Amino acid sequence: MPTALWIAHVKVTDAKRYAKYAAGATAAIADHQGVFLARNGAYEQLEGNDRARNVVARFPSLQRAHECYYSDAYQAALKFAEGAAERDLMIVEELD
């Protein structure tokens with residue numbers, strides 16, 4: 001079964017509130033066997049909208065990534081991101 005990636009591009013507008021989101025999201029991702037591959041490190045913007053926070057997490061499957069997003073723990077954390085950031089988030093299945 002192929003693994004899946006969460007890919008997020010974020011512009012934080014309220015750092016204190018977003019930090020609360022990040023703490024809750026980190027726990028929810030770990031609970032669903034997610035592992036961070038990149039998180040707010042150095043980057044080079046080549047095309048599109050520049051958002052300084054870029055996050056990639058790997059999950060064992062597309063289904064586990066989906067379950068994490070819709071979990072009670074992640075949805076509770078997500079409330080702190082609302083109004084605290086501009087975000088794009090997607091799940092992408094990796095090649096076998």
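This is a predicted model: local features need pLDDT of at least 70, side-chain atom pairs count only at pLDDT 80 or more; totals for chains, interfaces and linings use all residues.
Trainee: Which elements make up the protein, and in what order do they run from the N terminus?

Mentor: The secondary structure comes to three helices and four strands, and the elements run β-α-β-β-α-α-β from the N terminus on.

Trainee: Why are E2 and E4 called edge strands?

Mentor: The four strands form an open sheet in the order E2-E3-E1-E4, with antiparallel pairing. In that sheet E2 and strand E4 (85–93) each pair on one side only, and they are the edge strands. Neighbouring strands are turned by 15° against each other on average, direction ignored.

Trainee: How do you know that E1 and E3 are paired?

Mentor: Two strands pair if DSSP finds at least two bridges between them, and seven bridges join strand E1 (residues 4–12) to E3, the two running antiparallel. Within this pairing, Val10 has Arg53 of E3 as its bridge partner.

Trainee: Which helices pack on the sheet, and which strands do they touch?

Mentor: Helix H1 (residues 15–31) packs on the sheet and touches E1, E2, E3 and E4, its direction making about 145° with that of E2. Helix H3 (residues 72–81) also packs on the sheet, touching E1 and E4, and its direction makes about 145° with that of E4.

Trainee: Which elements supply the largest nonpolar core, and from which does its largest share come?

Mentor: That core has 21 residues, and those with the most contacts inside it are Trp6, Tyr18, Tyr21, Ile29, Phe59, Cys68 and Tyr74. E1, H1, E3, helix H2 (62–69) and H3 each supply at least two of its residues, while the largest share, six residues, comes from H1. For Tyr18, leaving aside neighbours within four places in sequence, the contacts include Val10, Val12, Arg53 and Phe80.

Trainee: What makes Arg51 and Asp88 a salt bridge?

Mentor: The rule asks for a side-chain nitrogen of Lys or Arg within 4 Å of a carboxyl oxygen of Asp or Glu, and the side chains of Arg51 and Asp88 meet at 2.7 Å, N to O. Arg51 lies in the loop between E2 and E3 and Asp88 in strand E4, so this pair ties together parts that are 37 residues apart in sequence. Asp88, at 36% relative accessibility, counts as partly exposed.

Trainee: Which other residue forms a salt bridge with Arg51, and how far apart are the closest N and O atoms?

Mentor: Glu86 does, with the closest N and O atoms 4.0 Å apart. Because Glu86 lies in strand E4 and Arg51 in the loop between E2 and E3, the pair ties together parts that are 35 residues apart in sequence. Glu86 is partly exposed, with a relative accessible area of 37%, and Arg51, Glu86 and Asp88 are linked in a network of salt bridges.

Trainee: Where do Glu67 and Arg64 lie, and how many residues apart are they?

Mentor: Both lie in helix H2, three residues apart, about one turn of the helix, and they form a salt bridge in which the closest N and O atoms are 3.2 Å apart. Glu67 is partly exposed at 32% relative accessibility, and Arg64 is partly exposed at 23%. The count for the protein comes to four salt bridges.

Trainee: Why is Asp14 called partly exposed?

Mentor: Partly exposed covers the range between buried, under 20%, and exposed, over 50%; Asp14 has a relative accessible area of 31% and therefore counts as partly exposed. Asp14 is found in the loop between E1 and H1, and its C-alpha is 7.7 Å from that of Gly83, although the two are 69 residues apart in sequence.

Terms used
Residues are numbered from 1 along each chain as its sequence is written. Side-chain values use heavy atoms; hydrogens and water are left out. Axes are lines fitted to C-alpha atoms, for helices over the stretch in contact, and angles run from 0 to 180 degrees between N-to-C directions. Contact means heavy atoms within 4.5 Å. A nonpolar core is a set of buried Ala, Val, Leu, Ile, Met, Phe, Trp, Tyr and Cys residues joined through side-chain atoms within 4.5 Å. Buried means under 20% relative accessible area, exposed over 50%, partly exposed in between (1.4 Å probe, protein chains only).
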